[in-house]
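Hi,

Here is the structure I promised to pass on. My notes on two of its interfaces follow below.

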There are 6 protein chains.
Amino acid sequence: MFGIKVDDEVSVELIHPSHADAVFEIVDRNRELFSKWLVWIENSKSVEDTRAFIRSAMQKYADLSEVTCVIFYKGVLVGNVALLNLKNKPNDTAKGELGYWLDSAYHKRGIMRRAISKMLEIGFGYYAYHKIYIRCATTNERSCNIPQKLGFVHEGVFREDILVNGVKMDANIYSLLRWEWEASR
Amino acid sequence: MFGIKVDDEVSVELIHPSHADAVFEIVDRNRELFSKWLVWIENSKSVEDTRAFIRSAMQKYADLSEVTCVIFYKGVLVGNVALLNLKNKPNDTAKGELGYWLDSAYHKRGIMRRAISKMLEIGFGYYAYHKIYIRCATTNERSCNIPQKLGFVHEGVFREDILVNGVKMDANIYSLLRWEWEASR
Amino acid sequence: MFGIKVDDEVSVELIHPSHADAVFEIVDRNRELFSKWLVWIENSKSVEDTRAFIRSAMQKYADLSEVTCVIFYKGVLVGNVALLNLKNKPNDTAKGELGYWLDSAYHKRGIMRRAISKMLEIGFGYYAYHKIYIRCATTNERSCNIPQKLGFVHEGVFREDILVNGVKMDANIYSLLRWEWEASR
Amino acid sequence: MFGIKVDDEVSVELIHPSHADAVFEIVDRNRELFSKWLVWIENSKSVEDTRAFIRSAMQKYADLSEVTCVIFYKGVLVGNVALLNLKNKPNDTAKGELGYWLDSAYHKRGIMRRAISKMLEIGFGYYAYHKIYIRCATTNERSCNIPQKLGFVHEGVFREDILVNGVKMDANIYSLLRWEWEASR
Amino acid sequence: MFGIKVDDEVSVELIHPSHADAVFEIVDRNRELFSKWLVWIENSKSVEDTRAFIRSAMQKYADLSEVTCVIFYKGVLVGNVALLNLKNKPNDTAKGELGYWLDSAYHKRGIMRRAISKMLEIGFGYYAYHKIYIRCATTNERSCNIPQKLGFVHEGVFREDILVNGVKMDANIYSLLRWEWEASR
Amino acid sequence: MFGIKVDDEVSVELIHPSHADAVFEIVDRNRELFSKWLVWIENSKSVEDTRAFIRSAMQKYADLSEVTCVIFYKGVLVGNVALLNLKNKPNDTAKGELGYWLDSAYHKRGIMRRAISKMLEIGFGYYAYHKIYIRCATTNERSCNIPQKLGFVHEGVFREDILVNGVKMDANIYSLLRWEWEASR
C-alpha cells in the first residue's frame, strides 16, 4: 500500500495485511530453498501464519524497532527486506541488522541490491543509525554476495552461531558504517 | 517516508516521526483558525506533543484501527487526512470516519478533495469498509463543503454534539456507502 | 442485589452474577424476537456466556464507562437497561447511549419507559451528561416508540448502519439534551 | 446510588464517586479518633484521596474480591462497611473479612450492628462464603463489641499484629461460620 | 544451584528449574501422605506442573514476596521450605508465613527443624520481618510439632479454616516474634 | 545470600538487595576507571540506583534470561559477573554473553578468572548453552585478557560498535563452544 519507488522497475512497500496472500504464495513455493537458511519457515504453514507475522512486523514499525518491507518488481511482489533490531542497548552505537529473501524466480536481476540501497537510505537517513550489519551463513553464498557487492566490510566469523533444522552453521558478519555509506553515495 | 501518489501534484504519506517538525510548524502557524474547530490544538504546544501524537497514530495503524497520513503538495507537507475509528462494534456495519485539516496557505486548490479520494480507495479497497462518514460542525462551512463535493449524503444533525473551547456546536453527519462509491468511479 | 426503586412496581438493580440464571432464561426464551435486533444474541448460548457478559459489565461500571442494570417488575427480573459509552472523546459534549431489552411477556405495561426515566436521572444527575441518545433500527417500531414517548428529538437516519445476521438496517437517532430533560421534570 | 434497605432507618449503598464529599467530611471530622485504629487515615488528606479509594473499591467489586458500602441513617451518610479479601487461597475455606467505621456522632444507636447483619446476608447469601471474620485491636473495645454482640466466636489473639502510627497492637480474631449464621436467623 | 549451608548434613538451595525432576519424584512418591494436608498436590500431576510452580516461585523471589527453597540432606534433595506472603498489608506489622514439606523417607532426623532455623535467619535477618507464623491443621501432628520445638507461641485455632479434598479442618496458628527469636539465639 | 563456593577464597552469590550498599560503594570508588568502559556507570549515582539495578537483575533471573552474581573474595564483596541475554532468537544456537567488573583493589589475583570458571559451569551445565561469548573494547586490555586466558577463541572485530561517553570503540568478540569447554575440563 504505502511505498517508496527505488527505480523504474523496483519499489518497496511497508508490509500490510493486503500483502499476505502474495507473501505466503512465495514462501510456500520456495519452501525447500528457504528452509535451508530461514528458521521461521517451519512455522509459516498457512496464510494465517503470514498474517500474524505481518501484524507483528507492523507493531514493530510502530515501536520504531523494525522496518519490514515487501519488494515489488515490475508491479509483482517478489521478496522481503527489513531493517531489524533498531532498538539498541545503551552501550552500543546505534545500529540495525538487514534481513532479506527473494523469490528464486527473480534471482540474478539485481533486485535485492537495489532494494537494499533504498533501505540503507532509510536506516542512515530517517533513523540516524551509525552502522548497519548483515549476518549470513558462510555456506549461503548468494546471501553473502549481497553485502560484498554493496561495499560492506567483513568483520568476522561467528562460529556455530546459526541453527536451522538442527544444523549449526558458522555466520559471516558484514557491516557498513555511516561515513562509509556517505562516502559511497 | 512511505507514501502513495495521488496525482502529479498531490501525494499522501503514512505519518512518521520524520514529519514532526513540519506538522508542528503548520499547526502552530494556523493555531487561531484550527482552534475554532479542533479540540486537540490546545494540547499541541510543542514539537514533542506532535511527536507523541505521531507515535500514537503509528500504533493505531499497527492495530488496524486508524490510517493517519500527511498530505504533500508539490513536495511540501500541507495537511493531514485520516481514516479513524476503523474498529467497529459488533452490530455496526463496517465503517470509518474521515478527519482532516489543511494549512490555510493552501486552501482553494482542491488538495483535500484529491487526498480524500485516495483515502476512500484505501478505506473501501484495502479495509473493506461499507461506509465512510464525516462529522463536522454545522458552522464550519469549508469543512462541510468537502463531503458535499465528494457526493456524500447528509444523514442528520447531531445537536450540541461537538465541544471546542467550551462552545457546544451542532454537527452535520455525512456518509458515503460502498455501492455509492463504486457507482461514482 | 444493589438497586434503586422506581415506583411501587418497578425497580432497577446493578447487574451482578446472581442475576445470571434469570437473565439467560429470558434471553433464551425470547431468542427468536431478540435475534432480529440484537447482534450479541448469537454469542449468548449458555448461562456461562451471560456470566461473562455480567463480569464485563461490572468492569465497565467500575471504569465509569457503563451502568448496566436489570429491571424488576413486581419482584420478577424482566429486562435490561443500560447507559453505554459514557467515556467520551475529547471534542464531544458529554453523552451516553441508552440500550435496553424487555421480556416479551411483559410488553405493554410501561415498564421500560419507567425504568428509563430512572436511568435518565442517573445519567444526567450522577454522571453529569449533557446528552443521552438512542440508536434503533428504523424497522424496530416498538423500540423506536420509547424515545418518542420520552420526549427525545429525532436527529437523523444513519443509512445501512446496523448489521444483524448479515442484514444491514437503517437506524434512527434520537437524543435528549440536559436542558430538555430538566424542563420536562 | 444503588443500595439495599436494612430497616426503616438504615440502608447501605454500594460506594460510588458521588459519595466522595460526604465520606471525606466524616473521615476528616473523625480524624483523631480514626487515626488510632485505621492506618489508611494518614493517606486520606483530601477528597481526591477519597475519590481514588472509591475507584479502587469499585474495581474490587467488579473483581468480586470486595463489597464496599456506605451506611445511611435516616438519609444521612454516617459510615462504611465492607466485605474484604473475598478471593481466597486454594487451601482455605471460602471466607471474607469485615471492616467498618462509623461517624462518632452516630455511635450507640445500633447502626453498625444492623448494617453488618445485611452484609452477612450478602456474604453468606450472594457470595456463598463459609466463614466471615473480624480482626480488631484488643484495645479497641467499641470495635470488639460488634462481633461479640453478633454472635461471632473468639478464635485467638494475634500478637503484635497490627501496626498503626508505629504502635504494634495485639489483635482479636472473631469468626462466624455459615451454619452458625443460619442457625441464628 | 545457589544455596546456603545449614550444617555438615543439611543445606537449602533457592528453587530452580534444575530441581524439577527431583521435586516431582518426591511429590509423586509421597502423594498419598501429602494429599491429606496440601491442596496443591492434586494440581501437581507431571514434572511440567512442577516446572510451572518453580517458575512462579522464582518470580515471587524476584518480587521480594516469597523465598522458596529446596532442602538437601547429605547431597540428596529431600524437601521444600518457604517464606511466603512477605508483602504485607499497610496496617500489619511486617510478617511472613512458613510452609514446608519433607519426603517421608527422611522423617525423624531433625532435617526440617534445622532447615527452618536457617529460614528464620533469612526472614528476620535479610527481610527485617517482625513476626513469622505457621498455620497447620490441628490434626497434622507432625507438622504442628515443628513450631512447638522451635519455640513458636500458639496464638489460637482458626475454625474450619483449611479445605483439602472437600474436608474442612481447624488450623493451629503459631508465631515467633523478632525479639523472641533474638533472645533464643 | 544464596551462593556457590568456587574455591577456598572465592565464591559467587546471586545478587540480592542486601548487596546494594557494598556494590554501590565499589562502583562509586572505581567510578573513574569503570566509566571508561561501562556505560551504565553514569546512571548509577546513588545506592537507590544500585537497588533498582538489583531488582531488575532478580527479575531477569526469574525470567531465565540472566544470571547476575556478586563475587566474594575471602568474605568481601569485590565484583560482579553475569551471564546475559540467555533468551535467544529462534535461529541462533543457544548462547549467552559474559559481563563482569572487579574492584581495582583486587586486580591481579585471578579472582575474575576463577569466578568465570564457575559461571561457565552454570551456563553450559544448568542452562544447556552451546556457546558463551564476551565482547570487550579492543583498547580494554585487562578485560580482553580474561577470555584469552580462559581459552576463548577470537571471532572478529566489531568496528565502532561500543559507545561510552560519546566515544565509539571497536570491540573484540571471543567465544567458547560447549565442546571446547567440555574438552578443557
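A salt bridge here means a side-chain nitrogen of Lys or Arg within 4 Å of a carboxyl oxygen of Asp or Glu. By that rule, the interface of chain A and chain B has 0 salt bridges, while the count between chain F and chain A is 10.

Before the rest, some housekeeping. This is a predicted model, where local features need pLDDT of at least 70 and side-chain atom pairs count only at pLDDT 80 or more, though totals for chains, interfaces and linings use all residues. Residues are numbered from 1 along each chain as its sequence is written, chains are lettered from A in the order in which they are written, and side-chain values use heavy atoms, leaving out hydrogens and water.

First, chains A and B. Contact (heavy atoms within 4.5 Å) involves 21 residues from chain A and 21 residues from chain B. They bury about 2000 Å², 69% of it on carbon and sulfur atoms; buried area is the accessible area (1.4 Å probe) that two parts lose on being put together, summed over both. On the chain A side, M1(A), F2(A) and Y61(A) lose the most area, together 33% of what that side buries.

Now chains F and A. Here 28 residues of chain F are in contact with 28 residues of chain A. The buried area is about 2500 Å², with carbon and sulfur atoms giving 41%. One of the salt bridges joins R135(F) to D92(A), whose closest N and O atoms are 2.6 Å apart.

Best wishes
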